[in-house]
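Thanks for passing this one along. Here are my notes, written to be read with the model open beside them.

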Amino acid sequence: MELKYEVEGGNFTIAGNASSGVKKLLKQLNVDPKVIKRIVVALYEGEVNVVAHAYKGIIYVDINAERIHIVIEDEGPGIPDIDLAMTVGYSTASAKVREMGFGAGMGLPNMKRNADVLKVSSAVGKGTVVELITYLSN
Amino acid sequence: MKVSAIIEKLNLTVFGGHQGLDREVEGGYTSDLLSDVMGHADEGQIWITLQTHRNIMAVASLKDLAAIVVVKGFVPDEGTIQQSNDEGLPLLGSNSEAFELSGQLYELLKK
């Protein structure tokens, strides 16, 4: 099963729509609630990252019996130093984004903890691709 | 303890999400960082925060939290209240500060 969600940079009002849609779907598919929780945390962080940092992005979701494979592709400034971006507490978020309680430098670490596989690749000035794989049975 | 009982005991305002007042409360989590709540709050908890924008509803809904309490007399944004009603997830308010309210909720729930 394949799904696609568009994410608009800077538009926080609909941040979480993709995560919410995927959560509902996984529930319908009777995936273990604990696994759903992990997937949703990782996806939400990825979604918010696009809203907070990029101009626009697309989230591709592919689900089969074994695993969920999520690819989050954005057009944006990119990440110059991915290792640094993965560090807990490091953030480049704007003051406005921080005031909302985002940009605490916890997004990528939360994603790493909650996905079975996390791959991040980025081209400065072009954009970032985040790939998340989570296996549906323990 | 149900959300409705906590509203009564802690004298909370209900801004929205009346359909969810029967939800069971398993505990609480106090934080103003959304990623912290995403990463560490658990299902069935009441979330105490000073954030008022609608993303708090998205986080609470995704995490299956029991309710949100906005502290210090802050009033949630219109969109936040609307989403609370749409999802039936109670959005509450208190004039207390987060420290006091967390202490009171802790006392209530530890019994």
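Predicted model: local features only at pLDDT ≥ 70, side-chain atom pairs only at ≥ 80, totals over all residues.

1. The distances and areas I quote are computed from its atoms, and local features are described only where pLDDT is at least 70.

2. Let's begin where the two chains meet. The contact is made by 21 residues of chain A and 19 residues of chain B. About 1600 Å² is buried between chain B and chain A, with 55% of that area on carbon and sulfur atoms. On the chain B side, the residues that lose the most area to chain A are S35(B), N55(B) and L62(B), which together account for 35% of what that side buries.

3. Which polar links span the two chains? Across the interface of chain B and chain A there are 13 residue pairs in polar contact, counting pairs with both residues at pLDDT 80 or more. On chain B, the elements that contribute two or more residues to the side touching chain A are α2 (34-40) and α3 (55-62). Of these, α2(B) gives the most, with 6 residues. Sorted by class, that side of chain B consists of 6 nonpolar, 7 polar and 6 charged residues.

4. The interface between chain B and chain A also has 2 salt bridges. In one of them, the side chains of K37(A) and E43(B) come together with 2.5 Å between N and O. How accessible are the two partners? E43(B) is partly exposed, at a relative accessible area of 44%, and K37(A) is also partly exposed, at 26%.

5. Over all chains, the structure holds 6 salt bridges. One that stays inside chain B links E107(B) to K110(B), with the closest N and O atoms 3.4 Å apart. Where do these two residues sit relative to each other? Both are in helix α5 (residues 98-110) of chain B, and because they are 3 residues apart there, about one helical turn separates them. E107(B) counts as partly exposed, at 39% relative accessibility, whereas K110(B) is exposed, at 53%.

6. Chain A has a salt bridge of its own between D62(A) and R67(A), where the closest N and O atoms are 3.3 Å apart. R67(A) is buried, with a relative accessible area of 16%.

7. Now for the strands of chain A. Strand β2 (residues 56-63) and β3(A) run antiparallel and are joined by 8 bridges, and a hairpin of 3 residues connects them. Within this pair, I59(A) stands opposite I72(A) of β3(A). β3(A) also pairs with strand β5 (residues 127-135) of chain A, in the antiparallel sense and over 9 bridges. Here I70(A) is placed opposite L132(A) of β5(A). As for cover, 7 of the 9 residues of β3(A) are buried, so the strand is mostly covered.

8. H69(A) deserves a look, and you will find this residue in strand β3 (residues 67-75) of chain A. What does the side chain of H69(A) contact? The side chains of H69(A) and E131(A) are joined by a polar contact of 2.8 Å. Leaving out residues up to four places away in sequence, H69(A) touches Y60(A), V61(A), D62(A), E131(A), L132(A) and I133(A).

9. Last, a word on V117(A), which lies in strand β4 (residues 117-123) of chain A. V117(A) counts as partly exposed, at 23% relative accessibility. With residues up to four places away in sequence left out, V117(A) touches E131(A), L132(A) and I133(A). How far is V117(A) from A104(A)? These two residues are 13 residues apart along the chain, and 22 Å separates their C-alpha atoms.

Technical notes: Residues numbered from 1 in each chain as written. Chains lettered and ligands numbered in written order. Heavy atoms only, no water. Contact = heavy atoms within 4.5 Å. Buried area = accessible area lost by both parts, 1.4 Å probe. Salt bridge = Lys/Arg side-chain N within 4 Å of Asp/Glu carboxyl O. Polar contact = N/O pair within 3.5 Å; in protein donor to acceptor, adjacent residues only side chain to side chain. Helix = DSSP H or I, 4+ residues; strand = E, 2+ residues; numbered from the N terminus. Nonpolar A, V, L, I, M, F, W, Y, C, P; charged D, E, K, R; others polar. Buried < 20%, exposed > 50% of the residue type's maximum accessible area, 1.4 Å probe, protein only. Pairing = 2+ DSSP bridges.
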